[in-house]
Amino acid sequence: MEATFTFRKTEPTEALKTHAFDKLGKLDKYLPKPVNAHVIFKVEGFRHCVEIAFHSNGVRYFGKGESNDMYTSIDDAVAKIEKQLKRNKERIKGHKGE
């Protein structure tokens, strides 16, 4: 998976990029081909927000995580996308000939 990172009102760090890239790597098992994800890191007051979006097979996946820690926000956003991917995979898998 390729990723594009955008930082708003926060300093770009390699640690955040590598953590996000590692977490996105575990989504590859649900995707049939490599996709390009867009990750936005932003700070709004005391909240650290992470938004992750990408398209795969005509379906748009989006996850947003908010907390007081950027790493926790990344984990929340990836968990939301993973839930969407699982639900979509099960829907397609269970559709056999109906």
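**View 1. Lys9 in the loop between β1 and α1.** Lys9 is found in the loop that runs between strand β1 (2-8) and helix α1 (14-25), shown here, as in every view, in a predicted model. Lys9 is not a glycine, and yet its phi is positive, at about 60°. Most residues other than glycine have a negative phi. Is Lys9 buried or exposed? Its relative accessible area is 76%, and because exposed means over 50%, Lys9 is counted as exposed.

**View 2. Asn57 in the loop between β3 and β4.** Asn57 is found in the loop that lies between strand β3 (47-56) and strand β4 (59-67). Phi of Asn57 is near 55°, which is a positive value in a residue other than glycine. With a relative accessible area of 56%, Asn57 is exposed.

View 3. The place of Ser73 is in helix α2, which spans residues 70-93. Which residue has a side chain that is joined to the side chain of Ser73 by a polar contact? The partner is Ser67, and the contact between the two side chains is 3.0 Å. The side chain of Ser73 also reaches the backbone oxygen of Asp69, at 3.1 Å. Because its relative accessibility is 0%, and buried means under 20%, Ser73 counts as buried.

**View 4. A positive surface patch that includes Lys93.** Which residues form the positive surface patch in this view? The patch is formed by Lys29, Lys86, Lys89 and Lys93. One of these residues, Lys93, is found in helix α2 (residues 70-93). Lys93 counts as exposed because its relative accessibility is 52% and the cut-off for exposed is over 50%.

**View 5. The whole protein chain, as a setting for the close-ups.** Taken along the principal axes, the box filled by the C-alpha atoms is roughly 50 × 20 × 20 Å. The protein chain has 98 residues, and buried residues make up 36% of them. Ser73 counts as buried, at 0% relative accessibility, whereas Lys9, with a relative accessible area of 76%, is exposed.

Technical notes:
Residues are numbered from 1 along each chain as its sequence is written. This is a predicted model: local features need pLDDT of at least 70, side-chain atom pairs count only at pLDDT 80 or more; totals for chains, interfaces and linings use all residues. Side-chain values use heavy atoms; hydrogens and water are left out. Patches are made of residues with over 30% relative accessible area and no salt bridge: like charges are joined within 9 Å, nonpolar side chains (Val, Leu, Ile, Met, Phe, Trp, Tyr) within 5 Å. Accessible areas come from the Shrake-Rupley method with a 1.4 Å probe; for residues, only the protein chains shown count as cover. A salt bridge is a side-chain nitrogen of Lys or Arg within 4 Å of a carboxyl oxygen of Asp or Glu. Lys and Arg count as positive and Asp and Glu as negative; His and the chain ends are not counted. The place of a charge is taken as NZ of Lys, CZ of Arg, CG of Asp or CD of Glu. Helices (H or I, at least four residues) and strands (E, at least two) are DSSP runs, numbered from the N terminus. Buried means under 20% relative accessible area, exposed over 50%, partly exposed in between (1.4 Å probe, protein chains only). A polar contact is a pair of N or O atoms within 3.5 Å; within protein, one must be able to donate a hydrogen and the other to accept it, and residues adjacent in sequence count only if both atoms are side-chain atoms.
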